[in-house]
Amino acid sequence: MISASKFLEMKNDQFKGDKMEKLIEKKKREMEKMQEAAAKRRKEIEKKEIALLKKENDAERSRIASEKLQLNWIKWNITCLGLGFTAYKFYYARLENHQSPIGHYITGQEIGMFLIALGFVTLALATIQHKRKIEQLKLLMPTMHYSLSLRLSYVILVFSVLVFLVVILRT
């Protein structure tokens, strides 16, 4: 038979064992909770990263659309310059050949100057709008490259002024 002290010792060991099992179970539950919390944090970080990428992608699409629009305004300006200069040259050629102007009230020279001025004004306004849009996009995407169409707009605006001056001073 088992002696009383041995029995108490076994009971005490069993109690310690139950206590240890309970502690182990408690630690397992705590570990599971920590793993769940870590997984939840990883998912939140992934969502934030995806949202940031989407925001950058939207900003890039907006930048591309703005660049295309500005290039279309440049195309419009060049068309106005070409038509205006052609109208002026047509008027000037008729005068050089000692022919009468086509219109009595509005001459080719006036139409030419109007078209050149219209092209300049519209491109100037479009350039101001484009510059503001690019500045707003720069706040969203600090790594954004400079706007090539903005630089081209400046060059075309200077060219427009020179063409307008040629038309005025040649009269």
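View 1. Going from the N terminus, the elements run α-α-α. Helices here are DSSP runs of H or I with at least four residues, strands are E runs of at least two, and both are numbered from the N terminus. Of the 171 residues, 23% count as buried; buried means under 20% relative accessible area, exposed means over 50%, and partly exposed is in between (1.4 Å probe, protein chains only). Among contacts with a separation of 6 or more, 79% come from residues 24 or more positions apart, a contact being heavy atoms within 4.5 Å. The chain exposes about 13500 Å², with carbon and sulfur atoms supplying 65% of it; accessible areas come from the Shrake-Rupley method with a 1.4 Å probe, and for residues only the protein chains shown count as cover. As for confidence, the mean pLDDT (the predictor's confidence in each residue, from 0 to 100) is 83, and 86% of residues reach 70 or more. Confidence is lowest in H1, at a mean of 82, and highest in H2, at 91. Where pLDDT is low, the predicted coordinates should not be read in detail.

**View 2. A nonpolar patch sits on the surface, with about 900 Å² of accessible area together.** Its members are Phe 120, Val 121, Leu 125, Ile 128, Val 158, Val 161, Leu 162, Leu 165, Ile 168 and Leu 169. H2 and H3 are the elements that give two or more residues to this patch, and H3 gives the most, with six. Patches are built from residues with over 30% relative accessible area and no salt bridge; like charges are joined within 9 Å, and nonpolar side chains (Val, Leu, Ile, Met, Phe, Trp, Tyr) within 5 Å. Ile 128, our opening residue, has a relative accessible area of 45%, so it counts as partly exposed.

**View 3. Glu 60 and Arg 63 form a salt bridge.** A search of the whole structure finds one salt bridge, that is, a side-chain nitrogen of Lys or Arg within 4 Å of a carboxyl oxygen of Asp or Glu. In this pair the closest N and O atoms are 2.8 Å apart. Both residues lie in helix H1, three residues apart, or about one turn of the helix. Is Arg 63 buried or exposed? Arg 63 is buried because its relative accessible area is 17%, whereas Glu 60, at 27%, counts as partly exposed. Leaving aside neighbours within four places in sequence, Arg 63 is in contact with Ile 134, Leu 137, Met 141 and Met 144.

**View 4. The side chains of Ser 66 and His 130 are joined by a polar contact of 2.8 Å.** A polar contact is a pair of N or O atoms within 3.5 Å; within protein, one must be able to donate a hydrogen and the other to accept it, and residues adjacent in sequence count only if both atoms are side-chain atoms. Ser 66 has its place in helix H1 and, at 10% relative accessibility, counts as buried. Not counting residues up to four places away, Ser 66 touches His 130 and Lys 133. Ser 66 and Lys 131 are 65 residues apart in sequence, and their C-alpha atoms are 9.7 Å apart in space.

**View 5. Ser 147 makes a side-chain polar contact with His 130, at 2.9 Å.** You'll find Ser 147 in the loop between helix H2 (108–140) and helix H3 (148–169). Ser 147 counts as buried because its relative accessibility is 3%. A polar atom of the Ser 147 side chain also lies 3.2 Å from the backbone nitrogen of Leu 150. Apart from neighbours within four places in sequence, Ser 147 is in contact with Glu 67, His 130 and Ile 134.

**View 6. Gly 84 is buried, with a relative accessible area of 0%.** Gly 84 is found in helix H1. Beyond neighbours within four places in sequence, Gly 84 is in contact with Gly 112, Leu 115 and Ile 116. Gly 84 and Val 167 are 83 residues apart in sequence and 9.5 Å apart in space, C-alpha to C-alpha.

Technical notes. Residues numbered from 1 in each chain as written. Predicted model: local features only at pLDDT ≥ 70, side-chain atom pairs only at ≥ 80, totals over all residues. Heavy atoms only, no water.
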